[in-house]
Amino acid sequence: MLSHRAIWDGIDALARRHGHSVSALAKLAGLDATAFNVSKRISKDGRERWPSTESISKILDATGESFDAFLSGTGAFLQLNDNAPQHTVPLLGLAQAGSGGFFDSAGFPVGQGWDEIALPAPEQGGIYALEVHGDSMEPLYREGDRIVVSPIEQVRRGDRVVVRTHDGEVMAKILYRQTGKQIELHSLNPAYEPRIFALTEIDWIARIIWASQ
(Lines give C-alpha, C1' and ligand atoms only; values in the text may rest on other atoms or scores of the structure.)
Protein backbone atom coordinates (compact mmCIF):
# COMPACT_ATOMS: atom_id res chain seq x y z
CA MET A 1 0.00 0.00 0.00
CA LEU A 2 1.41 3.39 -0.98
CA SER A 3 0.73 5.68 1.93
CA HIS A 4 0.55 9.46 1.95
CA ARG A 5 3.93 9.59 3.70
CA ALA A 6 5.48 7.15 1.23
CA ILE A 7 4.44 9.17 -1.82
CA TRP A 8 5.91 12.36 -0.40
CA ASP A 9 9.06 10.50 0.67
CA GLY A 10 9.40 9.36 -2.95
CA ILE A 11 9.21 12.94 -4.20
CA ASP A 12 11.76 14.08 -1.61
CA ALA A 13 14.10 11.23 -2.58
CA LEU A 14 13.74 12.04 -6.28
CA ALA A 15 14.66 15.66 -5.64
CA ARG A 16 17.72 14.66 -3.58
CA ARG A 17 18.95 12.22 -6.26
CA HIS A 18 19.04 15.05 -8.78
CA GLY A 19 20.48 17.65 -6.43
CA HIS A 20 17.31 19.74 -6.23
CA SER A 21 15.12 21.12 -3.52
CA VAL A 22 11.47 20.13 -3.91
CA SER A 23 10.77 23.69 -5.08
CA ALA A 24 13.44 23.44 -7.78
CA LEU A 25 12.11 20.04 -8.82
CA ALA A 26 8.62 21.48 -9.21
CA LYS A 27 9.89 24.36 -11.35
CA LEU A 28 11.96 21.95 -13.47
CA ALA A 29 8.77 20.05 -14.21
CA GLY A 30 6.87 23.21 -15.13
CA LEU A 31 4.83 23.23 -11.92
CA ASP A 32 4.26 25.95 -9.37
CA ALA A 33 7.35 26.24 -7.17
CA THR A 34 5.30 25.63 -4.04
CA ALA A 35 3.53 22.49 -5.36
CA PHE A 36 5.58 20.11 -3.20
CA ASN A 37 6.21 22.30 -0.17
CA VAL A 38 5.99 20.51 3.16
CA SER A 39 3.43 23.06 4.35
CA LYS A 40 1.05 21.96 1.59
CA ARG A 41 1.08 18.25 2.44
CA ILE A 42 -1.38 18.52 5.32
CA SER A 43 -4.34 20.90 5.23
CA LYS A 44 -5.10 23.22 8.14
CA ASP A 45 -7.85 20.90 9.32
CA GLY A 46 -5.44 17.94 9.37
CA ARG A 47 -6.49 16.23 6.15
CA GLU A 48 -3.81 14.72 3.94
CA ARG A 49 -3.10 16.39 0.61
CA TRP A 50 -1.85 14.08 -2.12
CA PRO A 51 0.18 15.07 -5.19
CA SER A 52 -1.68 14.52 -8.44
CA THR A 53 -0.72 11.73 -10.82
CA GLU A 54 -0.11 14.43 -13.44
CA SER A 55 2.44 16.20 -11.25
CA ILE A 56 4.24 12.91 -10.54
CA SER A 57 4.29 12.14 -14.26
CA LYS A 58 5.79 15.57 -14.99
CA ILE A 59 8.63 15.23 -12.49
CA LEU A 60 9.45 11.77 -13.85
CA ASP A 61 9.56 13.17 -17.39
CA ALA A 62 11.69 16.10 -16.26
CA THR A 63 14.23 13.89 -14.49
CA GLY A 64 14.14 10.99 -16.95
CA GLU A 65 13.35 8.50 -14.19
CA SER A 66 11.04 5.50 -14.39
CA PHE A 67 8.06 4.88 -12.14
CA ASP A 68 9.89 1.86 -10.65
CA ALA A 69 12.75 4.14 -9.65
CA PHE A 70 10.26 6.50 -8.06
CA LEU A 71 8.70 3.62 -6.12
CA SER A 72 12.10 2.63 -4.78
CA GLY A 73 12.30 6.03 -3.12
CA THR A 74 8.97 5.54 -1.37
CA GLY A 75 10.19 2.49 0.53
CA ALA A 76 7.27 0.53 -0.92
CA PHE A 77 8.88 -1.07 -3.97
CA LEU A 78 9.30 -4.51 -2.44
CA GLN A 79 5.84 -4.32 -0.94
CA LEU A 80 4.35 -4.05 -4.41
CA ASN A 81 6.52 -6.76 -5.92
CA ASP A 82 4.76 -10.13 -5.77
CA ASN A 83 8.12 -11.89 -6.08
CA ALA A 84 9.64 -10.12 -3.08
CA PRO A 85 11.03 -12.48 -0.42
CA GLN A 86 8.88 -12.72 2.69
CA HIS A 87 10.01 -12.62 6.30
CA THR A 88 8.12 -12.81 9.55
CA VAL A 89 7.54 -10.17 12.20
CA PRO A 90 5.89 -10.41 15.63
CA LEU A 91 2.08 -10.01 15.66
CA LEU A 92 -0.14 -8.93 18.54
CA GLY A 93 -3.75 -7.81 18.85
CA LEU A 94 -4.14 -4.07 19.39
CA ALA A 95 -6.36 -4.74 22.41
CA GLN A 96 -3.67 -6.96 23.98
CA ALA A 97 -1.00 -4.30 23.45
CA GLY A 98 -2.26 -2.32 26.42
CA SER A 99 -1.32 -5.11 28.80
CA GLY A 100 2.05 -5.17 30.48
CA GLY A 101 4.98 -7.34 29.41
CA PHE A 102 4.70 -7.03 25.63
CA PHE A 103 6.93 -3.96 25.08
CA ASP A 104 10.10 -2.49 26.48
CA SER A 105 10.42 1.19 27.44
CA ALA A 106 11.25 2.16 23.84
CA GLY A 107 8.24 0.39 22.32
CA PHE A 108 10.06 -2.67 20.99
CA PRO A 109 8.36 -6.10 21.26
CA VAL A 110 9.49 -8.30 24.16
CA GLY A 111 8.16 -11.17 26.23
CA GLN A 112 5.90 -14.09 25.40
CA GLY A 113 2.50 -14.23 23.70
CA TRP A 114 3.43 -12.84 20.29
CA ASP A 115 2.27 -14.60 17.15
CA GLU A 116 3.98 -14.14 13.76
CA ILE A 117 2.95 -12.81 10.37
CA ALA A 118 4.79 -13.09 7.03
CA LEU A 119 5.22 -9.83 5.13
CA PRO A 120 6.45 -9.14 1.57
CA ALA A 121 8.42 -6.15 2.79
CA PRO A 122 12.08 -5.23 3.23
CA GLU A 123 13.56 -6.72 6.39
CA GLN A 124 13.93 -4.08 9.06
CA GLY A 125 14.90 -4.61 12.66
CA GLY A 126 12.40 -3.85 15.38
CA ILE A 127 9.21 -3.73 13.31
CA TYR A 128 6.11 -5.65 14.39
CA ALA A 129 2.44 -5.99 13.45
CA LEU A 130 -0.73 -5.15 15.39
CA GLU A 131 -4.19 -6.40 14.51
CA VAL A 132 -6.74 -3.59 14.44
CA HIS A 133 -9.74 -3.62 16.77
CA GLY A 134 -12.45 -0.98 16.69
CA ASP A 135 -13.52 1.50 14.03
CA SER A 136 -11.70 4.74 14.89
CA MET A 137 -9.47 4.47 11.78
CA GLU A 138 -12.18 3.52 9.30
CA PRO A 139 -12.35 3.60 6.35
CA LEU A 140 -8.55 3.22 6.06
CA TYR A 141 -8.06 0.47 8.64
CA ARG A 142 -10.90 -1.85 9.58
CA GLU A 143 -11.44 -4.51 12.22
CA GLY A 144 -9.00 -7.37 11.58
CA ASP A 145 -6.57 -5.40 9.40
CA ARG A 146 -2.92 -5.73 10.37
CA ILE A 147 -0.74 -2.66 10.62
CA VAL A 148 3.04 -2.83 10.70
CA VAL A 149 4.77 -0.27 12.88
CA SER A 150 8.36 0.80 13.43
CA PRO A 151 9.55 2.27 16.73
CA ILE A 152 12.75 3.57 15.13
CA GLU A 153 11.19 5.70 12.38
CA GLN A 154 11.03 9.44 13.02
CA VAL A 155 7.43 10.61 13.33
CA ARG A 156 6.18 13.86 11.83
CA ARG A 157 2.92 15.73 11.65
CA GLY A 158 0.42 13.90 9.49
CA ASP A 159 1.92 10.44 10.09
CA ARG A 160 -0.29 7.52 10.99
CA VAL A 161 0.98 6.25 14.31
CA VAL A 162 0.36 3.82 17.14
CA VAL A 163 0.53 5.46 20.57
CA ARG A 164 0.71 3.81 23.98
CA THR A 165 0.07 5.79 27.15
CA HIS A 166 1.56 5.05 30.55
CA ASP A 167 -1.94 3.96 31.60
CA GLY A 168 -1.80 1.15 29.04
CA GLU A 169 -4.15 2.63 26.41
CA VAL A 170 -3.03 1.78 22.86
CA MET A 171 -4.51 3.53 19.83
CA ALA A 172 -3.92 3.95 16.11
CA LYS A 173 -4.28 7.61 15.19
CA ILE A 174 -2.96 10.44 13.04
CA LEU A 175 -0.33 12.66 14.65
CA TYR A 176 -1.98 16.03 14.08
CA ARG A 177 0.27 18.24 16.19
CA GLN A 178 3.16 17.88 18.62
CA THR A 179 4.68 20.57 20.81
CA GLY A 180 7.26 20.45 23.55
CA LYS A 181 4.55 19.65 26.09
CA GLN A 182 1.71 17.79 24.38
CA ILE A 183 0.51 15.89 21.34
CA GLU A 184 -2.83 16.03 19.53
CA LEU A 185 -4.11 12.87 17.86
CA HIS A 186 -6.93 12.63 15.33
CA SER A 187 -8.99 9.70 14.06
CA LEU A 188 -9.95 9.18 10.44
CA ASN A 189 -13.47 8.35 11.58
CA PRO A 190 -15.21 11.72 12.25
CA ALA A 191 -17.32 10.08 14.96
CA TYR A 192 -14.26 10.19 17.24
CA GLU A 193 -13.10 13.44 18.82
CA PRO A 194 -9.41 14.47 18.77
CA ARG A 195 -7.35 13.30 21.73
CA ILE A 196 -4.84 15.59 23.45
CA PHE A 197 -2.19 14.19 25.79
CA ALA A 198 0.66 15.71 27.76
CA LEU A 199 3.97 14.19 26.63
CA THR A 200 4.45 12.96 30.18
CA GLU A 201 1.42 10.71 29.65
CA ILE A 202 2.93 8.99 26.59
CA ASP A 203 4.87 5.76 26.89
CA TRP A 204 5.91 5.53 23.23
CA ILE A 205 4.91 6.43 19.66
CA ALA A 206 5.62 4.22 16.62
CA ARG A 207 4.97 5.11 12.98
CA ILE A 208 2.70 2.89 10.87
CA ILE A 209 4.76 1.91 7.80
CA TRP A 210 2.64 -0.77 6.14
CA ALA A 211 -0.80 -2.36 6.25
CA SER A 212 -1.94 -5.85 5.31
CA GLN A 213 -5.64 -5.73 4.42
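This is a predicted model: local features need pLDDT of at least 70, side-chain atom pairs count only at pLDDT 80 or more; totals for chains, interfaces and linings use all residues.
Me: Ok, back into the helix. Which residues of helix 3 are buried?
Reply: Helix 3 covers residues 53-63, and S55, I56, I59, L60 and T63 are buried there.

Me: Why do those line one face of the helix?
Reply: Looking down the axis of helix 3, its buried residues fall within an arc of 140°, so they line one face. As background, an α-helix has 3.6 residues a turn, so residues three or four places apart point the same way.

Me: And which ones are exposed on the other side?
Reply: T53, E54 and D61 are exposed on the other side of helix 3.

Me: New topic: how many residues are in the largest nonpolar core?
Reply: It has 21 residues, and F103, Y128, L130, I147 and V162 have the most contacts inside it. Strands 3, 4, 6 and 9 each supply at least two residues of this core. The largest share, 4 residues, comes from strand 9.

Me: What about another core?
Reply: Apart from that one lies a core of 15 residues, with L14, L25, A26 and A29 among them.

Me: Switching to Q154: where is it?
Reply: Q154 sits in the loop between strand 4 (146-150) and strand 5 (160-165).

Me: Buried or exposed?
Reply: Q154 counts as exposed, because its relative accessibility is 60% and the cut-off for exposed is over 50%.

Me: What does Q154 touch, leaving out residues up to four places away in sequence?
Reply: Q154 touches R5, D159 and R207. Q154 and R207 are 53 residues apart along the chain, with 7.4 Å between their C-alpha atoms.

Terms used:
Residues are numbered from 1 along each chain as its sequence is written. Side-chain values use heavy atoms; hydrogens and water are left out. Buried means under 20% relative accessible area, exposed over 50%, partly exposed in between (1.4 Å probe, protein chains only). Contact means heavy atoms within 4.5 Å. A nonpolar core is a set of buried Ala, Val, Leu, Ile, Met, Phe, Trp, Tyr and Cys residues joined through side-chain atoms within 4.5 Å. The arc is that of the directions from the helix axis to the C-beta atoms.
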